[in-house]
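My entries follow in the order in which I looked.

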Amino acid sequence: MPKAAVITLIILISLLLLSALFFFEFKRLYEKKKYKKVVYKKLFNFANEADQLLLNDVHLSFSYGNIEIIDHIFIADKYIYLIKDVYYPGILIGNISDPYFFLIDKKEEKKKVRNPLLDNQHTVEELALALNFKREENIFVNVVCYNSSLVLPDELKVKKQGVFFVPACELVSTIKEAEKDNIPVIPHQKSEKLINFLAEKSKRVKEKEKVRNEKRK
């Protein structure tokens, strides 16, 4: 085979391999973005159906100065759910109380990922403190919702008082079940006042972030 043909063949093979890599990365990013829309739609439809309150992409600044981003705050009749949606392609292993899990992707490569339940619990506690809720009220629920295609052992599938680690397909049904608890209902006027307060706080934080980012350019 002529030398020029060999070089052309090598270039073509390299381009094909690069195209394959970009295709799978693009597919992963697309699926992740689509998954977030799926979670939003489920919560939006449920909020409208049950006359509940929903706030998305909430940016809040707490006492230590860091900005926390809460994917969804869902205020139902009896609980306030802080919902974090995560997308993990592959298999997840670990202990529910550990600071990190291990994710095994389709290439069978293992990498550490932060335990989203612990991160979200920290946000729950900070928000409860900022709003002057007492710990014993147990009104906040830490919810982490993951893509239904994720494979994980039963010990990581958590549905207990105040903490849920559930697939997207079980998110709404899990909230509905929790709302059956025999506890006092949150007055709707109080819920509306709270959601409006959080929406305004988030708006102000986002405006400050925008100004800060423009100054950095």
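**Entry 1: strand β3.** I looked up burial in β3 (80-86) and noted that the strand is mostly covered, with six of its seven residues buried, where buried means under 20% relative accessible area, exposed over 50% and partly exposed in between, with a 1.4 Å probe and protein chains only. Strands here are DSSP runs of E of at least two residues, helices are runs of H or I of at least four, and both are numbered from the N terminus. I keep in mind that this is a predicted model, in which local features need pLDDT of at least 70 and side-chain atom pairs count only at pLDDT 80 or more, while totals for chains, interfaces and linings use all residues. Residues are numbered from 1 along each chain as its sequence is written, and side-chain values use heavy atoms, with hydrogens and water left out.

**Entry 2: partners of β3.** I then asked which strands pair with β3, taking two strands as paired if DSSP finds at least two bridges between them. β2 and β3 pair in the antiparallel sense over four bridges and form a hairpin with four residues between them; Tyr81 in β3 is the bridge partner of Phe74. Seven bridges join β3 to β7, and these two run parallel, with Asp85 partnered by Cys145 in β7 and Ile83 standing opposite Val143.

**Entry 3: strand β7.** Seven of the seven residues of β7 are buried, so the strand is largely enclosed by the rest of the structure. In a regular strand the side chains alternate between the two faces of the sheet. For β7 I find Phe140, Asn142, Val144 and Tyr146 buried on one side, and Val141, Val143 and Cys145 buried on the other. β7 also runs parallel to β9, joined by five bridges, and Asn142 stands opposite Val163 in β9.

**Entry 4: the whole sheet.** Stepping back, I read an open sheet of six strands in the order β1-β2-β3-β7-β9-β8, with mixed pairing. Its edge strands are β1 (53-61) and β8 (158-160), each of which pairs on one side only. The twist averages 30° from one strand to the next, with axes taken as lines fitted to C-alpha atoms (for helices over the stretch in contact) and angles running from 0 to 180 degrees between N-to-C directions.

**Entry 5: the helices.** Helix α2 (residues 116-130) lies across β1, β2, β3, β7 and β9, running at about 150° to β7, where contact means heavy atoms within 4.5 Å. Helix α3 (residues 171-178) lies across β2, β3, β7, β8 and β9, at about 150° to β9. In α3, I find Leu171, Val172, Thr174, Ile175 and Ala178 buried. These residues cover an arc of only 160° around the axis, taken from the directions from the helix axis to the C-beta atoms, which puts them on the same side of α3.

**Entry 6: a pocket.** Which helix supplies the largest share of the lining of the second largest pocket? It is α2, with five residues. Of the 16 lining residues, the closest to the pocket centre are Gln121, Val124, Glu125, Arg135 and Asn138. A pocket here is an open set of points on a 1 Å grid over the protein atoms alone, where a 1.4 Å probe fits, with protein on both sides within 12 Å along at least five of seven lines, and lining residues have an atom within 4 Å of a point.
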